[in-house]
Amino acid sequence: MRNWIVLLVVGILALILGLIALANPFAASVTATLFVGWSFIFMGGFQIFASFGSASTGAKIAGVLIGLLAMIIGVHIVAEPLQGLLSLTLVSGILFLVSGAFKASFGLFNFKGTARLAMLLSAVVSIVLGAMVLSNFPQSAAVLLGVLLAVELLSNGISAIALAFAVRDLSKTDDGAASAA
């Protein structure tokens, strides 16, 4: 089975792209911003298209309005990527803080023991990241999205490579079992 080779190649490419993004986080930040902008445009278009399948007129109108709003945001980001970069960085910092606050309250009131500790640790990390982004804003905009993209690519690359070897080993086990039968 050659599926593991595809996973391995994807993993290696993700690692290479992650390293490139780490080497030039500003370019990666602008690239991530443009990706987000185009995603808003396409998803807005899909939202508008899907809204025509709604049964009620209110749902159609709401779907079209949401789709148009998404497309307008996307066009703005693509037309002004540096402004979009600033906006996305600000929103990211705020989301880190809000996420941290929710995780802290959720962890405190819903878990005990190790699970509580893990939730609270995750909350602290999110709050610290949010504080770091916002305390250094707008300078943090130059690298934040690029570093996040790099970390995501590196993480995906490592997991794809690990999965590739697991699939390869499983294929060998299955081939051996099939030969024995």
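Which residues is Ser29 in contact with, leaving aside its neighbours within four places in sequence? I started my notebook with that one.

**Ground rules.** I am working from a predicted model, where local features need pLDDT of at least 70, side-chain atom pairs count only at pLDDT 80 or more, and totals for chains, interfaces and linings use all residues. Residues are numbered from 1 along each chain as its sequence is written, and side-chain values use heavy atoms, without hydrogens and water.

**Ser29.** I found Ser29 in helix α2; helices here are DSSP runs of H or I with at least four residues, numbered from the N terminus. With those neighbours set aside, Ser29 touches Leu85, Ala141, Ala142, Val143, Leu144, Leu145 and Gly146, contact being heavy atoms within 4.5 Å. Ser29 has a relative accessible area of 0%, so I noted it as buried (under 20%; exposed is over 50% and partly exposed in between, with a 1.4 Å probe and protein chains only).

**α2 and α3.** Next I looked up how α2 (residues 25-51) meets α3 (residues 57-79): their axes come within 7 Å and cross at roughly 160°. Axes are lines fitted to C-alpha atoms over the stretch in contact, with angles from 0 to 180 degrees between N-to-C directions. The two helices are therefore roughly antiparallel (over 145 degrees).

**Pro138.** My last stop was the loop between α5 (113-135) and α6 (144-180), where Pro138 is found. The peptide bond from Phe137 to Pro138 is cis, with omega near 10°. Pro138 is partly exposed, at a relative accessible area of 42%. I also noted that Pro138 and Val128, 10 residues apart in sequence, are 17 Å apart in space, C-alpha to C-alpha.

Terms used. Angles under 35 degrees count as roughly parallel, over 145 as roughly antiparallel, 65 to 115 as roughly perpendicular and the rest as oblique.
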